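I set down each item as I looked it up.

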Amino acid sequence: PDTEIVNPVPLLIGANADEMLMYLDAEDPTPFASALTSYAPAKTPWRKAIAAYFEGSEGDTLEKANALTSAAEFFCPALDLARQLASNNIPVFFYYFTRTRPGGESLGAYHGAEIPYVFDTEDTWLPANDVDLSLTAAMQGYWLNFAANGDPNGGDRVVWKPMGISGLNIQELGDVVGPTSDHPAEACALFSTSS
């Protein structure tokens, strides 16, 4: 973005692991091939690299399609914005939400799944257990500190480092809370070459 028209205030931004899972056609016999065609059409030079990256990920073809589409539609655009702002000395705190509630395996860490944790509002159809309650407490603390101070840190929560020019500093919010390197950032470079 043009940093001259961006208000230089701290930003808390992120993406969920399974943003697109609920939107994929479970009846599609070849969901990964369909996703690949959408994001790397045939005869494009980056198709092979994108295919190799996501075909090497864990899971069945629906899970691989979810990984590809979630990265392309949510994770990578959010990461690109975060990197641009961080490169202009704007404090940016990036999260990767990975929590799947028991009973919600078909949804995964779906689009919007982090919201009930931030506001401590669980749905009766997908109740919380002790892990969810602990994650709720951590996330509420982070969000409240960020709203008050522009920095999510404070209290006894795991330190959340801001994005840096030299490092990604992505905070996992899931069964584990803390810095993670288990995210699709490497794939973002592949998508950026296709733009």
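Entry 1. How are α2 and α3 oriented to each other? I note at the outset that the model is predicted. I looked up the pair and found that α2 and α3 pack at an angle of about 125°, with a separation of 9 Å between their axes. Angles of 65 to 115 degrees would count as roughly perpendicular and those over 145 as roughly antiparallel; α2 and α3 are therefore oblique to each other. I recorded the crossing of α2 past α3 as right-handed. On the α2 side, the contact is made by I50, F54 and E55; on the α3 side, by K64, A67, L68 and A71.

Entry 2. I then turned to α1, which spans residues 31-39. Helix α1 packs with α2 at an angle of about 145°, and their axes are 10 Å apart. I noted a right-handed crossing for α1 and α2. F32, L36 and T37 of α1 meet R47, I50, A51, F54 and E55 of α2 in this contact.

Entry 3. Which residues of α2 are buried? Within this helix, residues 47-55, I listed I50, A51 and F54 as buried. Seen down the axis of α2, these buried residues fall within an arc of 100°, so they line one face of the helix.

Entry 4. I next examined the largest nonpolar core, which has 49 residues. F75, F94, F97 and F191 touch the most other members. Helix α3, residues 61-86, gives the most to this core, with 11 residues. For F191 I looked up the contacts, leaving out residues up to four places away in sequence: Y39, I50, F54, L68, A71, A72 and C76.

Entry 5. Lastly I checked the backbone for positive phi. Most residues other than glycine have a negative phi. D120, not a glycine, has a positive phi of about 55°. I located D120 in the loop between α4 (115-119) and α5 (130-149). D120 counts as partly exposed because its relative accessibility is 47%. N169 is likewise not a glycine and has a positive phi of about 50°. I placed N169 in the loop between α5 and β3, the latter covering 170-173. Is N169 buried or partly exposed? Since its relative accessibility is 31%, N169 counts as partly exposed.

Key. Residues numbered from 1 in each chain as written. Predicted model: local features only at pLDDT ≥ 70, side-chain atom pairs only at ≥ 80, totals over all residues. Heavy atoms only, no water. Buried < 20%, exposed > 50% of the residue type's maximum accessible area, 1.4 Å probe, protein only. Helix = DSSP H or I, 4+ residues; strand = E, 2+ residues; numbered from the N terminus. Arc of directions from axis to C-beta. Core = buried A, V, L, I, M, F, W, Y, C linked by side-chain atoms within 4.5 Å. Contact = heavy atoms within 4.5 Å. Axes fitted to C-alpha atoms, helices over the stretch in contact; angles between N-to-C directions. Parallel < 35°, antiparallel > 145°, perpendicular 65-115°, else oblique. Left-handed = near helix turned anticlockwise from the far one by under 90°.
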